[in-house]
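Trainee: I've got the sequence and the structure open, and I'd like to talk through how the charged residues pair up. Can we start with whatever you find worth a look?

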Protein chains: 2
Amino acid sequence: MSFFETLADRIEATDSVVSVGLDPDPNRLPEFLANADLPRWAFNRRIIDATHEHAACYKPNAAFYEDADGWRALEETIAYAHGKDVPVLLDAKRADIGNTTRQYAAALDRADAITVNPYLGRDSLQPFLDREEKGVFVLCRTSNPGGSDLQDLELASGEPLYERVAALADVWNGNDNVGLVVGATAPEELAEVREIVPEIPFLVPGVGAQGGDAEAAVEHGLADRPDAAVDVGLVNSSRGIIFAGEESSRPDDEATYFGAAGDAAKRLKKRLNQYR
Amino acid sequence: MSFFETLADRIEATDSVVSVGLDPDPNRLPEFLANADLPRWAFNRRIIDATHEHAACYKPNAAFYEDADGWRALEETIAYAHGKDVPVLLDAKRADIGNTTRQYAAALDRADAITVNPYLGRDSLQPFLDREEKGVFVLCRTSNPGGSDLQDLELASGEPLYERVAALADVWNGNDNVGLVVGATAPEELAEVREIVPEIPFLVPGVGAQGGDAEAAVEHGLADRPDAAVDVGLVNSSRGIIFAGEESSRPDDEATYFGAAGDAAKRLKKRLNQYR
């Protein structure tokens, strides 16, 4: 079964296109987990318990796991999410060349999908693309201010670079396993990219803490695919969900803290479902 | 002391611009290290012992360390290289946004320099650039075939994307700590980029196993900087040095195997020094 088929099933089962970003910033983990064996894993496990009913997908960002304990926490997290039937998209933004990028692609032995960076071109992504049953989300238009530095550059052919990246990703999509990362902070760009690639699912970050446009994220981020009963795509929130407990009535109480994360995931699901 | 000052001193002390790529592909590690506690670390330690006299720099590629044991092996490797007075450039090709890229930049707590990917723009690199005493090598023109997919795209302003990246990197270089990655497989492009940024040191991969042009790598890769007694830059070889033992007379003999790596590093140093 392909990643997008798995994802479509999950979206249907949960009635949700919410991707929950698992970015356990060590400086923001609650005090009461400070003495856990692997605090990031202890945190993620509780977040998964609290949110999985509303999660189409979990998206751990690799940056938060780049040390020996971190990779153990990540492995445990992926296995636990799978135990709850939730697919895992590793937000790694990787790409390298030749024998090296094959090493990076080994991350897909565990995760179901990954984000990759297109700057090094097709062969740098080939070992990812070759994994037919896995999803490969190519960075296209990112939601940060500096995203425009390169991505908006106008090409001699008239279109901005990010539109060319979308067109290239379509060419690279021989295994029908390519997605695109398109930020919600630029709604009109979401619409333009959707026009170029009608059937490619988007991962849309930037709806939570970054304040992006939820309606545009759903309208353009989800793809109407012939093989799926529901439109397929993901709208991600990380800090807005996992650290919602900081604003709860009793942030030092474990049940209250993680309950707030569950509530935040549910709220986002409902907010997005208005537009589906 | 800035990274480029440290590097200039090291180049002068060793009379070498060789960067030794530490890419311990698990499928190519010699049999006789199979039972070591951390085989990658055991391998790297012996490579460092054999090559450090000829190494201006070690360049571990993060892709080969992305698991719990791997990060331990990498930490040991960096500490050991520092014990031999050799700076370490982590070839990570990272970039992400906001709070996430700050996590990636923490890699510079250990390494002396890092490679980064420009596709997400300036703010994605800012936490790296802010580390004044560290080196930040921005991917510009890579040595793989697909490097042309995006990097050679002609902009409306007339130049290819990689030249714009070089110009942007120059703008981002407020702390005088920016380098560029420019492959040796396209010598004329090396010359063009050098013209745009006369004082920025290059990391030039692709001279070893990839068969790039050593003369062009030295002529254009090294920067004539007002603050340094020698021209500053790095020419990298990974597999051509670290796996030279596979072609030695006795690949199953530890001393012969690693002796071949030392010989290969020395040969590359001499070959490059013809053109310095």
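Trainee: Is A:D96 buried or exposed?

Mentor: This is a predicted model, and in it A:D96 has a relative accessibility of 1%; because the cut-off for buried is under 20%, A:D96 counts as buried.

Trainee: Which residue does A:D96 form a salt bridge with?

Mentor: A:D96 pairs with B:K93, and their closest N and O atoms are 2.9 Å apart. The pair crosses between chains, since A:D96 lies in the loop between β3 and α4 of chain A while B:K93 is in strand β3 (residues 89–94) of chain B. B:K93 is buried too, with a relative accessible area of 9%.

Trainee: And what does A:K93 meet in a salt bridge?

Mentor: The side chain of A:K93 meets that of B:D96, at 2.9 Å from N to O. A:K93 sits in strand β3 of chain A and is buried, its relative accessible area being 9%. The UniProt annotation "active site" covers A:K93.

Trainee: What else is around A:K93?

Mentor: Leaving aside residues up to four places away in sequence, A:K93 touches several residues, including A:N61, A:T115 and A:L139 from chain A, and B:A95, B:D96 and B:L120 from chain B. Its side chain also makes a polar contact with the side chain of A:D91, at 3.0 Å, and salt bridges that share partners join A:K59, A:D91, A:K93 and B:D96 into one network.

Trainee: Where are the two ends of the B:E66 and A:R94 pair?

Mentor: B:E66 is in the loop between β2 (57–60) and α3 (68–83) of chain B, and A:R94 is in strand β3 of chain A, so that this pair also crosses between chains. The closest N and O atoms of this salt bridge are 2.7 Å apart, and both residues count as buried, B:E66 at 16% relative accessibility and A:R94 at 3%.

Trainee: Switching to the whole interface, how many residues does each chain give to the contact?

Mentor: Chain A gives 53 residues and chain B gives 54, and the area buried between them is about 4,400 Å², with 57% of it coming from carbon and sulfur atoms. Across this interface there are 4 salt bridges and 25 residue pairs in polar contact.

Trainee: Which element gives the largest share on the chain A side?

Mentor: That is α7(A), with 5 residues. By class, the side of chain A that touches chain B has 25 nonpolar, 14 polar and 14 charged residues.

Note on methods. Residues numbered from 1 in each chain as written. Chains lettered and ligands numbered in written order. Predicted model: local features only at pLDDT ≥ 70, side-chain atom pairs only at ≥ 80, totals over all residues. Heavy atoms only, no water. Contact = heavy atoms within 4.5 Å. Buried area = accessible area lost by both parts, 1.4 Å probe. Polar contact = N/O pair within 3.5 Å; in protein donor to acceptor, adjacent residues only side chain to side chain. Helix = DSSP H or I, 4+ residues; strand = E, 2+ residues; numbered from the N terminus. Nonpolar A, V, L, I, M, F, W, Y, C, P; charged D, E, K, R; others polar. UniProt positions renumbered as here; feature names shortened; annotations may be inferred. Buried < 20%, exposed > 50% of the residue type's maximum accessible area, 1.4 Å probe, protein only.
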